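Subject: the model, and what turned up in it

Hi,

Here is the structure I promised to send over. Have a look at it first, and then read on for what came out of going through it.

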Amino acid sequence: MLFKSLKEKRNTNHPTEILAYLKEQSIQDYNGYLLFNLDQKEETFFKNLSFLADESTWIKEDLDGQVLIAQTIDNDYLFATKSSVTVIPYSFNKQDSEIFDLPIWDFLIAFEEKTLETSILALN
């Protein structure tokens, strides 16, 4: 289990420290599905948000204090704080998004173990 062993080596819940650790370990993706440390992806995400702006979609202020952890190959996004993960589908729709009260390592471990209850992310 990749994420469980990484957590044992670097047990931090700070999203930017986790991203730096993944980069240090040359981990750019998980099974070609979760893509980490994407240059300028956050900037592109927020440009798309402002372009699609309407009351049903996220706005930048909603995500203040959250860090973009990963993008899926399906163009869904994972944002995290020290204690929660927000999964935003490619539609950027707030109602379709999922919020997990889990630190990022625990979220990734549950994802890897296929125990995460999600209707957005592909667990296979």
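The chain has four helices and six strands, where helices (H or I, at least four residues) and strands (E, at least two) are DSSP runs, numbered from the N terminus. Read from the N terminus, the order is α-α-β-β-α-β-β-β-β-α. The radius of gyration is 14 Å, close to the 14 Å that the globule rule gives for 124 residues, so the chain is as compact as a globular protein of that length. That radius is taken over C-alpha atoms, and the globule rule is 2.2 Å times the number of residues to the power 0.38.

Some housekeeping before the details. This is a predicted model, in which local features need pLDDT of at least 70 and side-chain atom pairs count only at pLDDT 80 or more, while totals for chains, interfaces and linings use all residues. Residues are numbered from 1 along each chain as its sequence is written, and side-chain values use heavy atoms, with hydrogens and water left out.

**The overall picture**

The C-alpha trace spans about 40 × 25 × 25 Å along its principal axes. Of the 124 residues, 44% count as buried; buried means under 20% relative accessible area, exposed over 50%, and partly exposed in between (1.4 Å probe, protein chains only). Among the contacts with a separation of 6 or more, 50% come from residues 24 or more positions apart, a contact being heavy atoms within 4.5 Å.

**Aromatics**

Rings of Phe, Tyr and Trp (its six-membered ring) pair if their centres lie within 6.5 Å; planes under 30 degrees apart count as stacked, over 60 as edge-to-face and the rest as tilted. By that rule there are six aromatic pairs. In one of them, the rings of Phe-3 and Tyr-30 have centres 5.0 Å apart and planes at 45 degrees, so the pair is tilted. This pair links distant parts of the chain, with Phe-3 in helix H1 (residues 2-9) and Tyr-30 in strand E1 (residues 29-30), 27 residues apart.

Which residues of H4 are buried? They are Ile-104, Trp-105, Phe-107, Leu-108, Ile-109, Ala-110, Phe-111 and Glu-112. With eight of its nine residues buried, H4 is largely enclosed by the rest of the structure.

Met-1 sits in the segment before H1 and is exposed, at 55% relative accessible area. Met-1 and Glu-112 are 111 residues apart in sequence but 7.4 Å apart in space, C-alpha to C-alpha. Leaving aside neighbours within four places in sequence, Met-1 is in contact with Glu-112 and Glu-113.

Lys-114 lies in the segment after helix H4 (104-112) and takes a positive phi of about 60 degrees. Not counting residues up to four places away in sequence, Lys-114 touches Leu-123 and Asn-124. Asp-54, 60 residues from Lys-114 along the chain, is 33 Å away by C-alpha atoms.

**Loops**

Most residues other than glycine have a negative phi. Asn-31, in the loop between E1 and strand E2 (34-36), has a phi near 55 degrees and is exposed at 66% relative accessibility. Phe-92, in the loop between strand E5 (85-88) and strand E6 (98-100), has a phi near 65 degrees, but Phe-92 is buried at 4%.

Finally, Gln-66 is in the loop between helix H3 (41-52) and strand E3 (67-72). Is Gln-66 buried or exposed? Gln-66 counts as buried, at 16% relative accessibility. Beyond its neighbours within four places in sequence, Gln-66 contacts Phe-79, Ala-80, Thr-81 and Thr-86.

Cheers
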